[in-house]
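Reader: I am new to this structure and would like to learn how to read its salt bridges. Please show it to me.

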Amino acid sequence: MVASTMHKVTNRVRQIVIARNQVELPKEQKEMLDETLEKERAQMRELFVTVEDALSGVASGIVDAMAESRDQDTEGE
């Protein structure tokens, strides 16, 4: 699911770049695509930071430790 979402986001940015680089594109449309590209890149970076933060916890085992701790807490109830 994460890989699919990241693929969609990067593909969207790629499509904007391709559209923006069309030779016959009017200046107004290029400016509009430049603004859109800036927004999309910022959102893409935010997504990548979020994914990296989430996955670094999994990779380092923090999530497993938290889950085990939560399991032990519920066993005592």
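Reader: Is Lys27 buried or exposed?

Author: Buried means under 20% relative accessible area, exposed over 50%, and partly exposed in between (1.4 Å probe, protein chains only). Lys27 has a relative accessible area of 60%, so this residue is exposed. The model is predicted: local features need pLDDT of at least 70, side-chain atom pairs count only at pLDDT 80 or more, and totals for chains, interfaces and linings use all residues. Residues are numbered from 1 along each chain as its sequence is written, and side-chain values use heavy atoms, leaving out hydrogens and water.

Reader: Which residue meets Lys27 in a salt bridge?

Author: A salt bridge is a side-chain nitrogen of Lys or Arg within 4 Å of a carboxyl oxygen of Asp or Glu. Lys27 pairs with Glu31 (4.0 Å, N to O). They lie 4 residues apart in helix H2, so about one helical turn separates them. Helices here are DSSP runs (H or I, at least four residues), numbered from the N terminus. Glu31 is partly exposed, at 40% relative accessibility.

Reader: How many salt bridges does the structure hold?

Author: It holds 3. One of them joins Glu40 to Arg12, with the closest N and O atoms 3.6 Å apart. This pair links distant parts of the chain, 28 residues apart: Glu40 is in helix H2 (residues 27–60) and Arg12 in helix H1 (residues 2–20). Glu40 counts as buried at 17%, whereas Arg12 is partly exposed at 38%.

Reader: What does the side chain of Arg20 meet in a salt bridge?

Author: Arg20 meets Asp34, at 2.6 Å from N to O. Arg20 in helix H1 and Asp34 in helix H2 are 14 residues apart, in distant parts of the chain.

How values were computed. Helix = DSSP H or I, 4+ residues; strand = E, 2+ residues; numbered from the N terminus.
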